[in-house]
Amino acid sequence: MVEQISSDAPVLVIGLGRYGAACAGELDRLDRDVLAIDTDLGLVQKWSERVTHTVQADARNFEALKQIGAEDFQVAVVAVGSSIEASVLITANLVDLKVPQIWAKAVSQSHGKILSRVGANHVIYPEREAGERVAHLVNGRMLDFIRFDDDFVLAKMFPPTFIRGVPLMESGVRSKYKVTVVGVKSPGKPFHYAEAGTVVTNHDLIIVSGTNANVERFAALDR
């Protein structure tokens, strides 16, 4: 049985490099209680005024983690990536401390496999995911792109010509291209959910969902 984690549970962030600092800072902005640790005193001091709590500690040391109360956290983020050995050891320490939910950064597929086998619940590949996203944007067909694990994607794009000026239910988007228009952004207005009767104009942006291949095919249509 998977343990239910409270949505406001404090978060332990290990590593205050760019990835860890961004994660800790955003969690703090979302009003989550955060304890961020790093071996580098300079980074700890730098972030001490932006994150709830910062401590200089070496998370590779099991006793050091116990001293800062790591076992009391329900959620931990292992943001150390430059040293594979360190990230694996830190993750193993958190597993031994029975932290229920561990998010760990990986720099390669093999690194991610080791983290999963050690006990990380969620393995993140920020560099790979960012690279894939940029490739789609550079390709010029999409304005934003998010891929999920099961080959399901969300993409922001300009609408193809054939769906403009007619209700979505009449455009045949789903039947012809196996994608769904889930949101529409008109100039000066926030995004709103698309409905069967929604009419997309020349000035709108759309959010489309579907498999990667189907969304790519849809994005390549004449605009």
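Biologist: How many aromatic pairs does a search of the whole structure find?

Modeller: The search finds four aromatic pairs, and since this is a predicted model, please read every value below as computed from that model. One of the pairs joins Phe162 and Tyr177, whose ring centres are 5.5 Å apart with 45° between the planes, a tilted arrangement.

Biologist: Which parts of the chain does the pair of Phe162 and Tyr177 tie together?

Modeller: Phe162 belongs to the loop between β8 (152-157) and α7 (168-171), whereas Tyr177 belongs to helix α8 (residues 173-177), so the contact ties together parts that lie 15 residues apart in sequence.

Biologist: Is Tyr177 buried or exposed, and how should I read the accessibility of Phe162?

Modeller: Burial is judged here by relative accessible area, with under 20% counted as buried. Tyr177, at 17% relative accessibility, therefore counts as buried, while Phe162, with a relative accessible area of 32%, is partly exposed.

Biologist: Why is the pair of Tyr177 and Phe218 edge-to-face?

Modeller: The angle between the planes decides this, and over 60 degrees counts as edge-to-face. The planes of Tyr177 and Phe218 stand at 65°, with the ring centres 5.8 Å apart, so the pair is edge-to-face. This pair links distant parts of the chain, since Tyr177 is in helix α8 and Phe218 is in helix α9 (residues 212-219), 41 residues apart. Phe218 has 0% relative accessibility and counts as buried. Taken together, ring pairs link Phe162, Tyr177 and Phe218 into a cluster.

Biologist: Where does the charged end of Arg50 sit?

Modeller: The charged end of Arg50 is placed over the ring of Trp47, at 4.6 Å from the centre of that ring.

Conventions. Residues are numbered from 1 along each chain as its sequence is written. This is a predicted model: local features need pLDDT of at least 70, side-chain atom pairs count only at pLDDT 80 or more; totals for chains, interfaces and linings use all residues. Side-chain values use heavy atoms; hydrogens and water are left out. Rings of Phe, Tyr and Trp (its six-membered ring) pair if their centres lie within 6.5 Å; planes under 30 degrees apart count as stacked, over 60 as edge-to-face and the rest as tilted. Helices (H or I, at least four residues) and strands (E, at least two) are DSSP runs, numbered from the N terminus. Buried means under 20% relative accessible area, exposed over 50%, partly exposed in between (1.4 Å probe, protein chains only). A charge sits over a ring if NZ of Lys or CZ of Arg is within 6 Å of the ring centre and within 35 degrees of the ring normal.
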